[in-house]
Amino acid sequence: MAKPDISSAGKLKPPSETFSPGDWFLGSIPPNLDTNKPPIVFVQGKNGSSTSWYGETDYHGVNDMYTKAYEAGYQTVFVQLHDSAGNGSVSQYANGRLLAQMLSEISNHFGGKKVNIIAHSKGGPDTQAALVHYGAHQYVGRVITLASPHHGSHLADLAYSWYAGWLGSLLGQKDEGTYSLQVGKMAEFRSVTDNHINSSKNLYFTVAGMNRGPVLSALSMGGQYLSSYGENDGLVNVWSTKIPYATHLFTDPNFDHDNIRVGSAVFSRIEPYLKSTSTAGIPAYHVNYKERVEDDVITTALAQTVLGDVLKQNVWVEQSFHVNEAAPGNISIYTASNDVEVELISPSNKKYSPSLKVHSAKNETSFFNGATIQSFYRNNLEIGDWKVRMKTKSPKDAFLFTAQFNEKNPITLSMAGKVKQKDAKFLIKSPMNDKKRPISTTFLVHLIDETGNEISEKNSIKAMDTENFTGTLPEVPKSGVYNVTIDVKEKNGDAERTRTLIRSVYIEK
């Protein structure tokens, strides 16, 4: 029996590691091995490798998940997906195909015995692709997903939006894995997965967190952006972590997207569900699960302005935005280089320097990998026209600007995640309540394809009444996921308010 390697503050490390995609290896055999307990296969998230389960986490020290499973008498197994090569992330189908092959070999290693899976983040959709679409359900009993974006992440939508294109391209952010996590793309994945006969062959359990990560971290910046879309863990909204036919075990306000995979934090709470591979108890409605994803309208209230473009070397670039009520606000500027001067200027000409500057590293809890994020938080934004000024020393740079306001009457966008071309409609509501009725409301819609090219056909948005507007998406050349960025401009005399609505949608021809 290989002697376990005790390293980094008493945490275990597997006796052997290999890092080529398609490799899998065993953890040490525990002295108290319980052969009645099924082996656990760990599946990591986007940009992760096996070390996600026993190496350093991004913000919370060494992960002792492997240690906890070992101490509880489980045989453990680690897998390397395509992301482990360090060349970016791939789709759940590419990882799922590779994982299915490994699960077949792993089950064979254990004499045909079934295993259980613990998956973190995108490891959840990767696992479902393997089990449902590549037949690996036969090697697995139960699956526990920790903060998995089963319905996508609005941060992926932001990365592929009209305004973020320059920045995303410079950072190399636009990879297959990010693309696959757009809300529209995952709506399409859910439509072909949840109605599939194989989706009822395993028992699924889900877990979510509601902590946006350490203050002054890139994770907390992602959480700030996602807060418009509801409670989140810094990377994934709670609503996205659930599958209709899964048992949702818990949503914990203390867990962010990083520490939700830490053994001492979660293992004792999920372990009761890992003792067996039995799939008895799958809800009866799961077998007849026919919820039409096309009808699944996602409604989001948004009080934000988003802008973005290239930055020219050593030239001040200025952008303005309007604040129409004295309320708290967050302003963040993402740039490709870290050598950018940024200043915020109030309507009364006061200058502010960023209150926070962080670098977003390439890890499992980061979306704009490699970006520098400079942020301003104002407790009480002055009403009027604000400006942000930026100057870069880098010959190649771009910026993404997001301003979020704590407004009483945010604009809402309602649109399905997946639509047929003939039903490609959306609703926008700009509630009046105590607001002055705008003299005019205009809309600018950018619909872009997967390569960032704009679908140039004119959109049509019509007023239904003073608050409600309906729009139709342009005809698209082929089925696929498209990113919708809508600028809503409201004019009241000299004051002009622009709010930005961003969503992806899968349009089926």
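A residue is called buried when under 20% of its relative accessible area remains. This cut-off is applied below to a predicted model.

**Figure 1. Helix H3 is mostly covered.** Of the 11 residues in helix H3 (residues 123–133), 10 are buried. The buried residues are Gly123, Gly124, Pro125, Asp126, Thr127, Gln128, Ala129, Ala130, Leu131 and Val132. After H3 comes Gly135, which has a positive phi near 75°.

**Figure 2. Strand E6, helix H3 and strand E7 form a right-handed β-α-β unit.** Strand E6 (residues 115–120) and E7 run parallel and are joined by 5 bridges. One of the residues to look for is His120, whose bridge partner in E7 is Leu146.

**Figure 3. Strand E7 is largely enclosed by the rest of the structure, because 7 of its 7 residues are buried.** Strand E7 covers residues 140–146. Strand E8 (residues 203–209) runs parallel to E7, and 5 bridges join the two. Within this pairing, Ile144 has Phe205 of E8 as its bridge partner, while Thr145 stands opposite Thr206 in E8.

**Figure 4. Seven strands make an open sheet with mixed pairing.** The strand order is E3-E5-E4-E6-E7-E8-E9. Strand E3 (24–26) and strand E9 (247–252) stand at the edges; each has a single partner strand, so one side of each is left without a neighbour in the sheet. From one strand to the next, the twist averages 20°. Helix H2 packs on this sheet and touches E3, E4, strand E5 (76–79), E6 and E7. The direction of H2 makes about 30° with that of E3. Helix H9 (residues 263–270) lies across E4, E6, E7, E8 and E9, and runs at about 145° to E9.

**Figure 5. Five strands make an open sheet with antiparallel pairing.** In this sheet the order is E11-E19-E13-E17-E16. The edges are strand E11 (304–311) and strand E16 (356–359), each with a single partner strand, so one side of each is left without a neighbour in the sheet. The twist here averages 15° from one strand to the next. Strands of a sheet pair through backbone hydrogen bonds, which may join them in the parallel or the antiparallel sense. In the present sheet, strand E13 (residues 329–335) and strand E19 (residues 397–405) are an antiparallel pair with 7 bridges. Ile331 stands opposite Ala403 in E19.

**Figure 6. The largest nonpolar core has 58 residues.** In soluble globular proteins, nonpolar side chains tend to be buried together. The residues with the most contacts inside this core are Phe368, Leu400, Leu473 and Ile486. Once neighbours within four places in sequence are set aside, Leu473 is in contact with Met415, Gln421, Ala424, Phe426, Leu447, Val484, Val505 and Ile507. Another core, of 27 residues, lies apart from the largest one. Among its members are Trp53, Met65, Phe78 and Phe250.

Key:
Residues are numbered from 1 along each chain as its sequence is written. This is a predicted model: local features need pLDDT of at least 70, side-chain atom pairs count only at pLDDT 80 or more; totals for chains, interfaces and linings use all residues. Side-chain values use heavy atoms; hydrogens and water are left out. Two strands pair if DSSP finds at least two bridges between them. Helices (H or I, at least four residues) and strands (E, at least two) are DSSP runs, numbered from the N terminus. Axes are lines fitted to C-alpha atoms, for helices over the stretch in contact, and angles run from 0 to 180 degrees between N-to-C directions. A nonpolar core is a set of buried Ala, Val, Leu, Ile, Met, Phe, Trp, Tyr and Cys residues joined through side-chain atoms within 4.5 Å. Buried means under 20% relative accessible area, exposed over 50%, partly exposed in between (1.4 Å probe, protein chains only). Contact means heavy atoms within 4.5 Å. A crossover is right-handed if, with the strands pointing away from the viewer, the path from the first strand over the helix to the second runs clockwise.
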